[in-house]
Amino acid sequence: MAKILLTWLLLSIGVCLYSNSQANEDISVNNREYQLKTAYLLHFAELTEWPELKPVTICLEGSSALRTYLPILEGMKVNNNAVHVIVGEYRPNNDCRILFLSELTALTKPIREQAKIRHILLVSDAENFAVNGGMIQFSLRDNKLKLVVNLSSVKDAGLKLSSKLLRMAEILE
């Protein structure tokens, strides 16, 4: 089911985030951008290897437009485990596998330490997120969504990313 939804989302969104009218373009591009980011978060859960098998919980910290789209992933399956979504303020007891941070200021030293100890994949679309110790950063360039991966931060958290994911990304070491 997860792969079908992911495929549907990726196909319906397409590679280019272009629309005809300016007013509709902003809304349409923004919607498509966040739908694509939601699909990518599910894809990250499929393409990340954690040190231990546990249910997949995707958490969102902050006021990102992902709040609208992320709940669609609730109950989907990744490796026969149900996906759980938590939207709101991050709490260490939430047991997040993936934590999306809306703001760069949320990437604090305690969050980075929790990511290392609890093997949390840190993701954001904030500028300079990967350079500042985040793990995967969405970056919009030429109307295309790109990924920037800080491989050192990923390894420090005891995580392994699939070569499929790494081939799509700009790698920072």
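I started with D95 and R118, whose side chains meet in a salt bridge at 3.7 Å, N to O. The model is predicted. D95 sits in the loop between β4 (81–87) and β5 (98–101), and R118 in helix α4 (residues 109–118), so this pair ties together parts 23 residues apart in sequence. I then checked the network: salt bridges with shared partners join E52, K54, D95 and R118. D95 is partly exposed at 31% relative accessible area. R118 is partly exposed too, at 27%.

Next I counted salt bridges and got seven.

I turned to K37. Its side chain meets that of E33 in a salt bridge of 2.6 Å, N to O. E33 is buried at 12% relative accessible area. K37 has 2% relative accessibility, so I list K37 as buried, the cut-off being under 20%.

K37 also forms a salt bridge with D125, at 2.8 Å, N to O. Here the partners are 88 residues apart: D125 lies in the loop between β6 (121–124) and β7, K37 in helix α2. D125 is partly exposed, at 22% relative accessibility.

Last, I looked up strand β8 (residues 144–150). Five of its seven residues are buried. β7 (residues 136–141) runs antiparallel to β8, with six bridges joining them. In that pairing L140 stands opposite L145. Two residues lie between the strands of this hairpin, and D142 takes a positive phi near 55 degrees. With strand β10 (residues 169–172), β8 pairs in the parallel sense over four bridges. There I found L147 opposite A169.

Key. Residues numbered from 1 in each chain as written. Predicted model: local features only at pLDDT ≥ 70, side-chain atom pairs only at ≥ 80, totals over all residues. Heavy atoms only, no water. Buried < 20%, exposed > 50% of the residue type's maximum accessible area, 1.4 Å probe, protein only. Pairing = 2+ DSSP bridges. Salt bridge = Lys/Arg side-chain N within 4 Å of Asp/Glu carboxyl O.
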